[in-house]
Amino acid sequence: MTTNETPDGTSGETLAELRGAGKAYGNVHALRGVDLTVQAGRVTCVLGDNGAGKSTLIKIISGLHQHTEGEFLIGGEPVRLTSPREALDRGIATVYQDLATVPLMPVWRNFFLGSELTRGPWPLRRLDIARMKDTADRELRAMGIVLDDLDQPIGTLSGGQRQSVAIARAVHFGAKVLILDEPTAALGVKQSGVVLKYIAAARDRGLGVVFITHNPHHAYMVGDHFTVLRLGTVELNADRSAVSLEELTNHMAGGAELAALKHELAQVRGVDTGELPEEGGLGTAPAAPGGAAA
C-alpha cells in the first residue's frame, strides 16, 4: 500500500488507483489512458463537460462496469469489481445525484435504508427503531448536521441537507472512498455551500473523496487534486499548488476551442477581439480606458 505527501506535509494513504484505465463499448472508447489516485484525507476533483467520460469513470470505480484497459487497484491490489455491493464491501461508496432516497420515509429510515437494525429472535424479530434514531442523530451531529426532527420525511429537507445526510450515511457504513456524483449540480449558491462544507468535513475525517463536477469554482473551493477529462482522455492532472482557478477553468472549457470561439464571435459581432475576455477569463469585465477596471 503506497503513501504520498499531502499538501499539509502529512502522508496520505493511497486507497484506490486507476492506471491507464479505459473502457470500450465495442469500437467506441468512452475512456482511454486515465490515471487517477484517491488518497486518504484528500479531495480529488474530476471535472469535464457533458460527454467527457465522468459517468463512465464513476461506473468503473463504483463496480457498476468493469474496465477494459489498464488497471484498477484498491489498497494496492488489482481488482475487477463485479457489482456496487462488492465495491461497498471494499469501502467504496457512491452518492449519486438522485441520492437513492425515499422522499416520504423519515430521515432515520432513509439513513438505514437497506441496512436496518433489528432486535429480538426470529420469527419475532422487529425493527430497532430507537437504536436507529439514536445512531442516525449521533452520526449526523458528528458531521455537523443538526436536524430538529428525524421523523420528518426526508423529502421535506432542502437539497443540500439531503446530500449531507447521504454523505453522513456513507461515512457511518464504513466508506473509505466517497464518490460524489455532481452533488451541487441542481442546488443554489447557499445549498451548494452547505454540501461543500460537508465534503471538507468528510476529508477531515480521513476519507478519500472523489468529487465529480462540471463547476471549476466549486471544485477549487475544496479540491486538493484536479483531473480534467475531455472526450474520454485526461486533459489535465495536477495538484492544487500547480494550477490556478483561471487555468482550471481554461482547461475545463478547452483552451484552443475557446480561443477559436472568441475570434468567431468577434467576426460575427464585428468587434475587436481585444474587447472580448482572455482565455479562461469568461465573465470578467473588460479593462476600462487608462487601465482601470470597469
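Modeller: One term comes before anything else: contact, or touching, means heavy atoms within 4.5 Å. Keep in mind that this is a predicted model.

Start with the helix pair. Two packed helices are described by the angle between their axes and the distance between the axes. Here the pair is α5, residues 159-172, and α6, residues 189-204. Their axes come within 8 Å and cross at roughly 15°. Angles under 35 degrees count as roughly parallel, so α5 and α6 are roughly parallel to each other. Their crossing is right-handed.

Which residues make the contact? On α5 they are Gly159, Gly160, Gln161, Gln163, Ser164 and Ile167. On α6 they are Gln191, Val194, Val195, Tyr198, Ile199 and Ala202. By type, the contact of α5 with α6 has six nonpolar residues, six polar and no charged.

In soluble globular proteins, nonpolar side chains tend to be buried together. The largest nonpolar core here has 47 residues. Ile199 and Leu140 are the residues with the most contacts inside that core. Look at Leu140. Leaving out residues up to four places away in sequence, Leu140 touches Val107, Phe111, Ile145, Leu147, Leu150, Val165 and Ala168. There is also a second, separate core of 26 residues. Ala16, Leu36, Val177 and Leu229 are among its members.

Pro153 sits in the loop between α4 (129-142) and α5. Its relative accessibility is 29%, so Pro153 counts as partly exposed. Pro153 and Pro106 are 47 residues apart along the chain, yet their C-alpha atoms are separated by 4.1 Å. Beyond four places in sequence, Pro153 touches Pro103, Leu104, Met105 and Pro106.

Glu182 is in the loop between β10 (177-181) and α6. Its phi is near 45°, a positive value in a residue other than glycine. Is Glu182 buried or exposed? Glu182 has 10% relative accessibility, so it counts as buried.

Leu231 lies in the loop between β12 (225-230) and β13 (233-239). Its phi is near 55°, again a positive value in a residue other than glycine. Leu231, at 67% relative accessibility, counts as exposed.

The peptide bond from Trp122 to Pro123 is cis, with omega near 10°.

How values were computed:
Residues are numbered from 1 along each chain as its sequence is written. This is a predicted model: local features need pLDDT of at least 70, side-chain atom pairs count only at pLDDT 80 or more; totals for chains, interfaces and linings use all residues. Side-chain values use heavy atoms; hydrogens and water are left out. Axes are lines fitted to C-alpha atoms, for helices over the stretch in contact, and angles run from 0 to 180 degrees between N-to-C directions. Helices (H or I, at least four residues) and strands (E, at least two) are DSSP runs, numbered from the N terminus. Angles under 35 degrees count as roughly parallel, over 145 as roughly antiparallel, 65 to 115 as roughly perpendicular and the rest as oblique. A crossing is left-handed if the near helix is turned anticlockwise from the far one by less than a right angle, and right-handed if clockwise. Ala, Val, Leu, Ile, Met, Phe, Trp, Tyr, Cys and Pro count as nonpolar, Asp, Glu, Lys and Arg as charged, and the others, Gly among them, as polar. A nonpolar core is a set of buried Ala, Val, Leu, Ile, Met, Phe, Trp, Tyr and Cys residues joined through side-chain atoms within 4.5 Å. Buried means under 20% relative accessible area, exposed over 50%, partly exposed in between (1.4 Å probe, protein chains only).
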